[in-house]
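Colleague: Can you take me through this model? I'd like to ask things as they come up.

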There are 2 protein chains.
Amino acid sequence: MAEEPESDRQQTGLGGYIRLQRQLADLSLRQLADLTKVSNAYLSQVERGLHQPSLRVLRSIADALNLSADTLLAKAGMTSGRTGRDAAAEAEYTTEAAIRNDPELGPEERETLLRVYRSLRRSPR
Amino acid sequence: MAEEPESDRQQTGLGGYIRLQRQLADLSLRQLADLTKVSNAYLSQVERGLHQPSLRVLRSIADALNLSADTLLAKAGMTSGRTGRDAAAEAEYTTEAAIRNDPELGPEERETLLRVYRSLRRSPR
DNA sequence: CCCGTACGCTTGGTATGCCAATCACTTCGC
DNA sequence: GCGAAGTGATTGGCATACCAAGCGTACGGG
């Protein structure tokens, strides 16, 4: 659990990716700022890894650069490559998790089913 | 005294969704706080829509509740969540598979639960 | 030469995320 | 009854996301 005593500033992840995409799109910081409604100052800081942008800002950027939000989120360390399939595999472990994730169920149906499941399940001990 | 501004009753679904999932998982705010390393106070505020959580917090919550991060992000308004048919089919299969593989169910309970699930599931009319 | 304009970066302030501490309430066992 | 232990909600304050304004440079063109 040792925290990383990093004095390095290797932020290649999210910020570097954004900067790269911005340059590929041939946009200046101010142009992107104009598109995203985010100040150029903050964009500069985000690109250099000095700040972690909020969801709102991240979405604006993805939108302006025509990137999928998921891509940026992956770079931000959120969805590291695990997609629906992995989630499904994981959900296979517990029936409760599967029921909770099932989009075919409404809130009430979900709750009902969970209750039924719990009553049917072999009681531990 | 009975002054109730009911117009604030619209916490988009992210907060409400988190609260629902937490309750379905049978967790208290403090238990979830312990799992997520996020204070119960802030979780309470997030669930009632008073604050928009950061990526870090959102990820912790998704992790602790065994939810896919994408699901929460969709509720947060990020991803339009358009993988509808695929996700549905996949998840449907997952729930059935989870029930079939659940070691805590005997043969009869298994059959019963499957029947209940199929009757509760939204059928594409 | 100076402007004028473009660039990225820095700075000081405001808004908001987030937490420790505490509240009011309910449910217990004694 | 009374306290211990559980629940969700509130509050004060520190940390950080975010912006308006400005700095320093580099590029033209009069």
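Colleague: Where does A:Glu111 sit?
Modeller: A:Glu111 is part of helix α8 of chain A, residues 107-120. Keep in mind that this is a predicted model.

Colleague: Is A:Glu111 exposed or partly exposed?
Modeller: Partly exposed, because A:Glu111 has 15 C-beta neighbours inside 10 Å.

Colleague: How far is A:Glu111 from A:Ile99?
Modeller: Their C-alpha atoms are separated by 9.0 Å. Along the chain, the two are 12 residues apart.

Colleague: Stepping back, how many helices and strands are there in chain A?
Modeller: Chain A has eight helices and zero strands. From the N terminus the order is α-α-α-α-α-α-α-α.

Colleague: And what share of chain A is buried?
Modeller: Of the 125 residues in chain A, 30% are buried. As for contacts in chain A with a separation of 6 or more, 40% of them involve residues 24 or more positions apart.

Colleague: Let's do α1(A). Which residues are buried there?
Modeller: In α1(A), residues 14-24, the buried ones are A:Leu14, A:Gly15, A:Ile18 and A:Arg22. They line one face of the helix, because they fall within an arc of 95 degrees when seen down the axis of α1(A).

Colleague: What do those buried residues pack against?
Modeller: The buried residues of α1(A) pack against α2, α3, α4 and α5 of chain A.

Colleague: Which exposed residues are on the face turned away?
Modeller: A:Leu20, A:Gln23 and A:Leu24 are the exposed residues on the face of α1(A) turned away from the buried side.

Colleague: What happens just after α1(A)?
Modeller: A:Asp26 follows, with a positive phi of about 60 degrees. Most residues other than glycine have a negative phi.

Colleague: What about A:Lys37 and its phi?
Modeller: A:Lys37 is not a glycine, yet its phi is positive, about 65 degrees. A:Lys37 belongs to the loop between α2 and α3 of chain A. A:Lys37 counts as exposed because it has 10 C-beta neighbours inside 10 Å.

Colleague: In chain B, where is B:Asn66?
Modeller: B:Asn66 is in the loop between α4 and α5 of chain B. Its phi is positive too, about 60 degrees, and B:Asn66 is not a glycine. With 18 C-beta neighbours inside 10 Å, B:Asn66 counts as partly exposed.

Colleague: Back to helix packing. At what angle do α2(A) and α4(A) pack?
Modeller: The angle is about 110 degrees, and the axes are 9 Å apart. The two helices, α2(A) and α4(A), are therefore roughly perpendicular to each other. On the α2(A) side the contact is made by A:Leu32, A:Leu35 and A:Thr36, and on the α4(A) side by A:Ser60, A:Ile61 and A:Ala64.

Colleague: How does that contact divide by class?
Modeller: Four of the residues in the contact of α2(A) with α4(A) are nonpolar, two are polar and none is charged.

Colleague: And how do α2(B) and α4(B) cross?
Modeller: At roughly 110 degrees, with axes that come within 9 Å. So α2(B) and α4(B) are roughly perpendicular to each other. B:Leu32, B:Leu35 and B:Thr36 of α2(B) meet B:Ser60, B:Ile61 and B:Ala64 of α4(B). By class, that contact has four nonpolar, two polar and no charged residues.

Key. Residues numbered from 1 in each chain as written. Chains lettered and ligands numbered in written order. Predicted model: local features only at pLDDT ≥ 70, side-chain atom pairs only at ≥ 80, totals over all residues. Axes fitted to C-alpha atoms, helices over the stretch in contact; angles between N-to-C directions. Helix = DSSP H or I, 4+ residues; strand = E, 2+ residues; numbered from the N terminus. Parallel < 35°, antiparallel > 145°, perpendicular 65-115°, else oblique. Contact = placed C-beta atoms within 7 Å. Nonpolar A, V, L, I, M, F, W, Y, C, P; charged D, E, K, R; others polar. Buried ≥ 20, exposed ≤ 12 C-beta atoms within 10 Å, placed from the backbone. Arc of directions from axis to C-beta.
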